[in-house]
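Hi,

Here is the structure I said I would pass on. Please have a look, and then read my notes below.

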Amino acid sequence: MNTKDINKIKEIAGEENVILSEEERHCYSYDSTRLEHMPEVVVRANSTRQISDIFKFASAEKIPVTPRGAATGLSGGCLAVNGGILLLMIDMDKILDVNPVDLLIDVEAGIITEEVDAEARKHGLFYPPDPGTVKTSTIGGNIAENAGGLRGLKYGVTKNYVNALEAVLPNGDIVNFGTRTVKGVTGYNMVDLMSGSEGTLAVITKATLRLLPVPPAKASILALFDTIEEAAKSVRDIVSGGVITSTLEIIDKVTINAIEDYLGAGLNRDIGAMLLIEVDGQQGAVDSEAEVVKKVCNSNNALSCRQASSDQERDEIWRARRAALSSLARVRPSTILEDATVPRSRIVEMVEAVNNIAKKYELPIGTFGHAGDGNLHPTILTDMRDKKEVIKVEKAIEDIFKAAIELGGTLSGEHGIGISKAGYLRMEIDKGSYEIMKRVKKAFDPDNILNPGKIFTDL
Amino acid sequence: MADKKIKTNDKARIFKRYDDLFNCSRCGSCTSYCPVYKNTGDEAVSPRGKLSLIEAISQGKLDFTEKISDKIYTCTVCGYCDSECPSGVKINELYEEMRQDLVDSEKYPQALDFLKRRLSEAYNVTFDTNEGRIDWTKQIPDSKPEDFLKDSADVFYFVGCVSSFSPRTFSIPRAIVQIFKKADVDFGLLGDEEWCCGFPLLSSGMKSEAKKLADHNIARVKEKKAKTLITSCPSCYHTWKHEYSKISSEKIDFEIMHISQYILKLIDERKIKLNKLDLKVAYHDPCDLGRNSGVYDEPRKVIEAIPGIDFIELAANRNLANCCGGGGNLESLDAGLSGKIAQSRAREIIEADVDILLSACQQCERTLAAALKKLKKEAKRKIKVRDIAELVLESMNAK
């Protein structure tokens, strides 16, 4: 980019919205992958019109544009790998409308997810997707990555709550996808195509999201097991027993010990695994579902199975789970959080596979995560400055991917491909699918200016 | 990357801290807590951004620049990031060292030069001479200023610069002195022998200048044979309690208490009698008393000891309380941003809908009162801002 380009960007975006200093651009070069790619200029987006004008200029001049929300991603989705313009979405953070009859909320894309939920709760409603970064990440980023979270089993993931979108295409066209209705089959389902498109097809500027009434009752249960196999069997039996829990989380021994090192909460270090289970709904249904859950856990030899009798007790139960990643993060300098996902029926095998990989490469791997979704988070504890170990880590990651795919699973349950997993995409996706995906990308973005370098390695 | 020479300060402390810096996983959790980030959206002032800048310096990728200095100093020193960081990065410590490095390489904001000069010449942070330290005592009934200057006493009250010199906050030390008198406490003031505690220097990265003040203050209190030193300013308290032993060679042989702790002691010992007040109140935890010193319970116990009080917890309280915006030196470096942070906190107070917002810090009270005044149209009722000591005195005087 030359001075003329920069001046033109200032003219379009407003000089106060253009960040040029090296120091400040550095702060927009990273995300949660800890990789760094310097953008040449950062633009604070403030309207759909402004973004459209930027794209008209960028597509004419073939300048790359990379959208960025809160940069909490784990696959490098918001990194400006080819330089160019980094489009900062966080100033577009308004709630536009809430409609408690249609159960819809209209928001700008840069709003923080938790604020959407907070607004919904003022109307007795809630926004179900609950990614780990709910306090920090933006809705635009959540949609682009199709973020998951803790409530996946019963409530699904982000894409299940997106009814309509306003977006800007790489040529500057402003488009509106989807409907405000429950049903709608007019044309291709472009909303679903956008969910999980990782910011490579269009920049999402506004979203119409679905809300649900807050369930009146819930129950939280903590079950401890001697072996992780017994815990995993319980997961399977709970679902086949006809109970769809709102949350079904597993924590393995390595993670329990890390939590105990950090919190000193009095967890039994010798147990093999724990399950955190939550059911919600009408009181009567919650009571009978909680009974089924406890019965299943006990019949799988649970060492103990306790239902929280107060909010305080519930918070205690959750304290350990909330601290899981932080506790692992304190063990060694780097934590590589994977999200390979398998069908629920194959969890036991996946856990075994991860344990074998940990042994094979002599790497500490803590596993916790959304067992109900088959979405485990094997977390490799390492030091990415240690070049020798990095090679082992990379091999272990590849083995984890292979294991997941062999079990009928997928490379990524909720973090996305981005640059982190781009090299592995063909392990899972057949040639025909890969080629048609590239053609979709080309149809949206013929010059490859929008978020280049992501998902595909050969564009 | 590596070909870029480090032009200044190759002795910088930060070069030794790469291990600690590398522990930041860049998860961005801190961006949901940091008051300066939330009110600017500027990643470079977020803890994650600041740490990434410091890391880049430590790796020779970036140089010490004025711009980086501005970003590093845009901070209320509230400690929220440090206490909530999921990876346990020692953020407070790293900031402190970075600020020292910036001072060493003369890249600190010019506004801090005034502070440095004033504290070495007049030993207080205002434009006044230090002789005026106890002018505020003139309005106290049945006493003369000299009555409070004693050669020895059980208790010495370290008033702090703001409460000593800023007329808007005089009501706090006046209330405290009257409580002491009513409770028959054997107490004294240091008068012009009280020097600034050094907190503004410490939070600017000027440790050696702060040491002089610490040495002086400790020596004076020791001379007075005090058993207990009391502060009403949480930053003075934090500095006395947690920083002096690190920077001064003088040994402290007396107890250090915040006024909220001391009042609770007086209540427990039945030295003061509290009468009924029909008021709905909330309490704002000052960062230097709560998060940075761990004093959460005593102020609450004092408030709840007053009969008739309807005590409401703010939604964000204790270790999760948001900063008032007046912390560190932000107000003198960026008054606009400090005011914006104060208004964010004021909105949370308005949400609680109380008669009185209590705090235990003259600085929080000043910034929050100003913010609530600006936002008075948003409030359902007029919310007064008071110090716990003032409310205690009012309760003691109530019929």
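How many residues of chain A are in contact with chain B? The count is 25 residues of chain A, against 23 residues of chain B. Two residues are in contact if their C-beta atoms, placed from the backbone, lie within 7 Å.

First, some ground rules. This is a predicted model: local features need pLDDT of at least 70, side-chain atom pairs count only at pLDDT 80 or more, and totals for chains, interfaces and linings use all residues. Residues are numbered from 1 along each chain as its sequence is written, while chains are lettered from A and ligands numbered from 1 in the order in which they are written.

Two or more residues each come from helix 2 (22-26) and helix 12 (324-329) of chain A. Helix 2 of chain A gives the most, with four residues. Helices (H or I, at least four residues) and strands (E, at least two) are DSSP runs, numbered from the N terminus. By class, this side of chain A has nine nonpolar, seven polar and nine charged residues. Ala, Val, Leu, Ile, Met, Phe, Trp, Tyr, Cys and Pro count as nonpolar, Asp, Glu, Lys and Arg as charged, and the others, Gly among them, as polar.

Next, the domains of chain B. There are three: domain 1 (13-104), domain 2 (112-265) and domain 3 (274-397). The bounds come from an automatic or database domain assignment. The centres of domains 1 and 2 of chain B, taken over C-alpha atoms, are 31 Å apart. Six residues of domain 1 of chain B are in contact with five of domain 2 of chain B. The domain 1 side has three nonpolar, one polar and two charged residues.

Two backbone points. A:Lys62 is not a glycine, yet has a positive phi of about 55°. A:Lys62 sits in the loop between helix 3 (48-61) and strand 3 (65-68) of chain A. B:Arg270 also has a positive phi of about 55° and is not a glycine. B:Arg270 is in the loop between helix 13 (259-268) and strand 5 (279-283) of chain B.

Why is B:Arg270 classed as exposed? Because 8 other C-beta atoms lie within 10 Å. The cut-offs are 12 or fewer for exposed, 20 or more for buried, and partly exposed in between, with C-beta atoms placed from the backbone. A:Lys62 is exposed too, with 10.

Last, A:Leu96 in strand 5 (residues 95-99) of chain A. Beyond four places in sequence, A:Leu96 contacts A:Asp106, A:Val107 and A:Glu108.

Best wishes
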